[in-house]
Amino acid sequence: MELSKRQETILEIVKKNGPITGEQIAEQLNLTRATLRPDLSILTMAGLLEARPRVGYFYSGKSTDRVLADKITRIKVGDVKSVPIVVPESCTVYDAVVTMFIEDVGTLYVVRDGGLLEGVVSRKDLLKTTLGGQDINKLPVGVIMTRMPNVYMTDVNDSAWLAAHKLLTHEVDSLPVVRTVPGTKGKEFEVVGRFSKTNITRIFVELGEGS
């Protein structure tokens, strides 16, 4: 987050004199309270300043980098997930290739009745199979997919930062966003979304726009 010269000056004034009222800040800068209002709003919404009624403004103690990090860790996967592209285990490799092309995704999630996660099949899996000379019109994706429990996934309540860390650590195209099925002791997961590098890019663009 890049601050204007005036916003940096306001921060310094509050650091040295806080708590301090908006009128007192304006007086030190020889400006009106109305002129400063947008700057104070930006600094407060960014988390750099905190304001208390009848007390004034005081410095939160956070750097701009720390504020950005806090915002990212507060974003939940369930709030930014995309629609998952799923296929049944009986889907042929040919149909999976067509689906991947039409939906423009790099990974398909293989599910059974109720949307329960069975496995994943990636672009690499399909490419390797099509080059292997097998009859892709008859071969089901269940034969080539990565099966549970060897699937990297993320929960709807995980932070976007944690999900992004998993993407980088495991070098995968996307993660199925799941919800644990009650009564299964964490052994069954319903697919409710997709988290990919596109989601991460969208988060940073929105943060940059102040969303």
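Which residues in α2 meet Arg 33, Leu 36 and Leu 40 in α3? In this predicted model, they are Gly 22, Glu 23, Ile 25, Ala 26 and Leu 29, with contact meaning heavy atoms within 4.5 Å. Local features here need pLDDT of at least 70 and side-chain atom pairs 80 or more, while totals for chains, interfaces and linings use all residues. Numbering starts from 1 along each chain as its sequence is written, and side-chain values use heavy atoms, leaving out hydrogens and water.

The α2 and α3 axes (lines fitted to C-alpha atoms over the stretch in contact, with angles from 0 to 180 degrees between N-to-C directions) sit 9 Å apart at about 110 degrees. That makes the two helices roughly perpendicular, a label for 65 to 115 degrees.

| Group | Nonpolar | Polar | Charged |
|---|---|---|---|
| Contact of α2 with α3 | five residues | one residue | two residues |

Arg 52 has Gly 56 in β2 as its bridge partner. Three residues lie between the strands, and Arg 54 takes a positive phi near 65 degrees.

As for the lining of the largest pocket, α7 gives the most, with four residues.

Notes: Pairing = 2+ DSSP bridges. Parallel < 35°, antiparallel > 145°, perpendicular 65-115°, else oblique. Nonpolar A, V, L, I, M, F, W, Y, C, P; charged D, E, K, R; others polar.
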